[in-house]
Amino acid sequence: MSEQQDDQPQPLTRDEAAMRSLSRFYTGKACKNGHIAERYVSNRQCVFCNAIQARERERQRSLNDPPYRMYRNVQRRSGQALRGSESPARVLGCSVRKLQAHIQNQFTLGMSWAKYGQWEVDHITPLSAGKDENEVAALCNYINLQPLWKRDNLIKGGA
């Protein structure tokens with residue numbers, strides 16, 4: 001009996017994985033891009049290649065869709081404040097389109113999606129004002145957000 005490395009799964013065919021109701025299988029063979037990684041049972045795609053493609057799709061969407069980029073930035077900031085205690089998407093309480101409409105309805109003279117970066121999304125009551133996890137989560141809700149010119153946001157302060 002030979003010892004197997006802990007970091008490499010046991011080779012398994014796609015059919016065996018499907019019979020066991022697994023979502024992934026491992027052949028030990030390189031994909032067309034040279035990755036030796038698990039593959040998805042559903043489409044035989046390399047898990048590593050899939051992750052690379054997903055990151056690239058996210059990057060492209062963020063470059064071409066300012067409301068989406070804003071939504072992801074708000075989620076990222078909320079996630080930092082929540083430190084894993086809650087889901088940023090859940091406490092935000094809305095979809096990309098609903099947040100877009102909420103922020104757009106508060107645009108002041110000269111604001112547009114093309115100028116996102118010159119203005120920022122500001123927490124009306126700063127997240128730093130939350131005294132415990134529940135208060136911070138409540139402050140992450142989209143109702144507490146407004147667009148503010150970068151300069152005005154710096155003057156306002158907060159964290």
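Trainee: How do the axes of α2 and α3 cross, and within what distance do they come?
Mentor: Helix α2 (residues 47-64) and α3 have axes that come within 5 Å and cross at roughly 115 degrees. Axes here are lines fitted to C-alpha atoms, for helices over the stretch in contact, with angles from 0 to 180 degrees between N-to-C directions.

Trainee: Which residues make that contact?
Mentor: From α2, Glu58, Arg61, Ser62, Leu63 and Asn64; from α3, Pro66, Tyr68, Arg69 and Arg72. Contact means heavy atoms within 4.5 Å.

Trainee: What model is this, anyway?
Mentor: A predicted one, where local features need pLDDT of at least 70, side-chain atom pairs count only at pLDDT 80 or more, and totals for chains, interfaces and linings use all residues. Residues are numbered from 1 along each chain as its sequence is written, and side-chain values use heavy atoms, leaving out hydrogens and water.

Trainee: OK, α5 next. Which of its residues are buried?
Mentor: In α5 (residues 96-104), Val96, Leu99, Gln100, His102 and Ile103 are buried. Seen down the axis of α5, they fall within an arc of 165 degrees, so they line one face of the helix. The arc is that of the directions from the helix axis to the C-beta atoms.

Trainee: And what do they pack against?
Mentor: Against α3 (66-82), α4 (88-92), β3 (119-123) and β4 (145-149). Helices (H or I, at least four residues) and strands (E, at least two) are DSSP runs, numbered from the N terminus.

Trainee: Is lysine 29 buried or exposed?
Mentor: Exposed, because its relative accessibility is 60%; buried is under 20%, exposed over 50%, partly exposed in between (1.4 Å probe, protein chains only).

Trainee: Where is lysine 29, and what does it touch?
Mentor: Lysine 29 is in the loop between β1 (24-25) and β2 (39-40). Not counting residues up to four places away in sequence, lysine 29 touches His35, Ile36 and Arg39.
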